[in-house]
Amino acid sequence: MTVSREALMAAARTAAEQAYAPYSNFAVGAALAFADGSVVSGANVENVSYGLSLCAETVAAGKAMNEGRRGGLVAVAVSGPVTHAITPCGRCRQVLAELAVLDGSDPLVWCDGPEGVREFRLSQLLPEAFSGL
Ligand code: THU
């Protein structure tokens with residue numbers, strides 16, 4: 001049993017409060033729901049060398065993998081400033097795929113925005129994901 005869309009988006013919004021985004025002032029939170037019911041969240045972590053900054057989705061995926069998860073991703077929620085519709089960047093789509101495509105799942109991706117939450121499948125956002133050599 002996994003969490004509801006509303007609960008996962010609430011977790012993403014809460015996670016955004018921990019963003020370290022002094023350069024963009026654009027705080028983003030991501031929450032990942034797994035098949036066992038667990039949720040792992042993250043927020044963006046910027047760096048004075050801007051290109052080293054990490055997106056919320058990548059932070060959350062890294063946390064999940066460091067906690068031992070190797071798949072089972074069923075849903076992702078992403079939220080940023082209320083004025084902006086958010087979709088994961090290209091790099092984050094491939095990072096998220098590591099927790100899904102390799103075990104044959106195709107997570108829902110819920111993207112927050114001023115006109116409501118949009119729903120995608122990861123395969124829609126990243127068709128033909130690289131899945132290994
Ligand atoms: N960002 C994320 O964390 N996730 C996204 O899906 C889009 C962009 C971050 C990167 C950077 O710290 C800030 O938002 C502005 O691009």
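Student: How many disulfides does a search of the whole structure find?

Tutor: Good place to start, with a reminder that this is a predicted model, where local features need pLDDT of at least 70, side-chain atom pairs count only at pLDDT 80 or more, and totals for chains, interfaces and linings use all residues. Residues are numbered from 1 along each chain as its sequence is written, and side-chain values use heavy atoms, with hydrogens and water left out. A disulfide here is a pair of cysteine sulfur atoms within 2.5 Å. With that cut-off, the number found in the whole structure is 0.

Student: What about cysteine 111: is it buried or exposed?

Tutor: Cysteine 111 is in no disulfide either, as its nearest cysteine sulfur, in cysteine 92, is 11 Å away. Buried means under 20% relative accessible area and exposed over 50%, with partly exposed in between (1.4 Å probe, protein chains only). Cysteine 89, at 33%, is partly exposed. Cysteine 111, at 1% relative accessibility, is buried.

Student: Which strands does β1 pair with, and how many bridges join each pair?

Tutor: Two strands pair if DSSP finds at least two bridges between them. β1 runs antiparallel to β2 (residues 39-43), and alanine 33 stands opposite valine 39 there. β1 is also antiparallel to β3 (residues 73-79), where alanine 77 stands opposite alanine 31. The partners are β2, with 5 bridges, and β3, with 6 bridges.

Student: Which residue in the turn of the β1 and β2 hairpin has a positive phi?

Tutor: The hairpin has 4 residues between its two strands. In that turn, a phi of about 95° belongs to glycine 37.

Student: What arc do the buried residues of helix α1 cover, and which strands do they pack against?

Tutor: α1 (residues 5-16) buries Leu8, Met9, Ala12, Ala15 and Ala16. Taking directions from the helix axis to the C-beta atoms, these residues lie on the same side of α1 because their arc is only 115°. With contact meaning heavy atoms within 4.5 Å, they pack against β1, β2, β3 and β4 (108-111).
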